[in-house]
Amino acid sequence: MSLVLGLETSCDETSAAVVEGGRKVLACVTASQVDIHRRYGGVVPELASRRHLEAFLPVVDEALTRAAVSPLDLDAVAVTVGPGLAGALVVGTAAASSLALAWKKRLVPVNHLEAHAYAAFLESAEDAAPSADGRGRRLPDLEPPFVVLIVSGGHTSLAELTRHVELRPLGETRDDAAGEAFDKVARLLGLGYPGGPAIDRLAAEGDPAAVALPRPLLKDGGLDFSFSGLKTALVYHLAAARERGEPVEVADLAASFQAAVVDVLVEKAFRALRLTGCSTLAVTGGVAANRGLRRALAARAAQEGVTLAVPEPRYCTDNAAMIAGLAHFLLAAGRPSFEEPLRVEPSLALGGGRKPRGRRGARGRGGGGPGSQRREASARRRR
Ligand code: KG4
Ligand code: ZN
């Protein structure tokens, strides 16, 4: 059974985790930077890098202590090399390389996006059986093939995990990621950053049928997504209400927006199951923490006899346990584990390629802080 220390610094979470055999989380410690970035309405890359530098070693120490593991016991150190913010990735990879060198351990470079899929394998004492509140289900024996829907702040992708470490891309967003749409709409409604959890909370008090919003690409028969039009529809709705002097019920808008996103995500995920013939669906990434989505997925899965694997919320958002988890399966598959020096890949895509030029930024979150998306985009252009 491998024992891996996973490290994650690709955006605004500094995380370290010790995972046994790719599934059993002995400890996962995550220092969130959300309070630093909140006042800017999004992640400011330079501030993120500096905070990773400060938080990295204390987080690693705490993860090892909580897991009661000495560095000597580790089989490997795994670290995110992309996609993500270039400066934030550099801090993590440089620190991970140093630890691996000092401890004489193998170093495993990990694709953050693919690692989100491996959150579905993680077990911890807090996992629970599916219930009306849509919580995830503990699936200690989960095995490929299965369909995975990755819904985060930078990505919305459907893929089939055909066998371990082989992800076949099926569809992705053509514009905004689902989390990015949550963040942008939350800003529009004055709900602050990050937007997803705020809309999730408010939606519980609103009427999801109050405002008729489009379900983009729902009827096109494909597996791609588009979320930018939803924000525009809300902008028009708000402008029209203002013109007519009508009051705006923010909870109703939040609930209606969330319902539109959830409808599309659920429909496309189940379409992917039909097209691939898979009977298991994993849903991960920050937006998979959304209670409305979890409830809708649980209901549809029960109706269609599909096995659903939704990690508990802390393994849906960015965390190092998923990095250590994927690293175990990469090592088991005999993937080369030592690249010295490690190269960061800010635009890494599913399957190891890069996002084509002209597509949205690898981790382009809604708002993204003052100029952060622009800066990342121009950095990409310079490469
Ligand atoms: O996976 P993640 O932590 O980071 C990325 O890899 O992007 O995802 C962050 C995204 C943010 O856009 C955040 O607003 C969204 O996940 N999110 C949620 C919820 N919690 C986080 N969206 C909807 N409902 C939530 N409860
Ligand atoms: Zn992520």
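**Around helix H3**

The model is predicted, so to speak of local features pLDDT must be at least 70, and side-chain atom pairs count only at pLDDT 80 or more, while totals for chains, interfaces and linings use all residues. Residues are numbered from 1 along each chain as its sequence is written, chains are lettered from A and ligands numbered from 1 in the order in which they are written, and side-chain values use heavy atoms, with hydrogens and water left out.

- Among the buried residues of H3 are Ala88, Leu89, Val91 and Gly92 (buried means under 20% relative accessible area, exposed over 50%, partly exposed in between, with a 1.4 Å probe and protein chains only).
- The cover over the buried residues of H3 includes strand S1 (3-8), helix H2 (45-67), strand S4 (76-82) and strand S5 (106-111).

**Asn111**

- Asn111 belongs to strand S5 and counts as buried, at 8% relative accessibility.
- A polar atom of the Asn111 side chain lies 2.9 Å from the backbone nitrogen of Leu113.
- Leaving aside neighbours within four places in sequence, Asn111 is in contact with residues including Gly82, Pro83 and Leu326 (contact means heavy atoms within 4.5 Å).

**The zinc site**

- His112 (NE2), His116 (NE2) and Asp318 (OD) coordinate the zinc ion (ligand 2) at 2.0 to 2.1 Å (donors are N, O and S atoms within 2.8 Å of the metal, or 3.2 Å for Na, K and Ca; water is not among the atoms, so sites may look incomplete).
- The spacing of these donor residues in sequence is H-x3-H-x201-D.
- His112 lies in helix H4 (residues 112-118) and Asp318 in the loop between helix H10 (313-316) and helix H11 (321-332), so this pair ties together parts that are 206 residues apart in sequence.
- His112 and Asp318 are both buried.

**Helix H9**

- Helix H9 (residues 291-304) has 14 residues and reaches 20 Å from its first C-alpha to its last.
- Its N-terminal end is capped by Asn290, with a side-chain oxygen 3.0 Å from the backbone nitrogen of Gly292.
- Just after H9, Gly305 has a positive phi of about 65 degrees.

Conventions:
Helices (H or I, at least four residues) and strands (E, at least two) are DSSP runs, numbered from the N terminus. The expected span of a helix is 1.5 Å times one less than its number of residues. A polar contact is a pair of N or O atoms within 3.5 Å; within protein, one must be able to donate a hydrogen and the other to accept it, and residues adjacent in sequence count only if both atoms are side-chain atoms.
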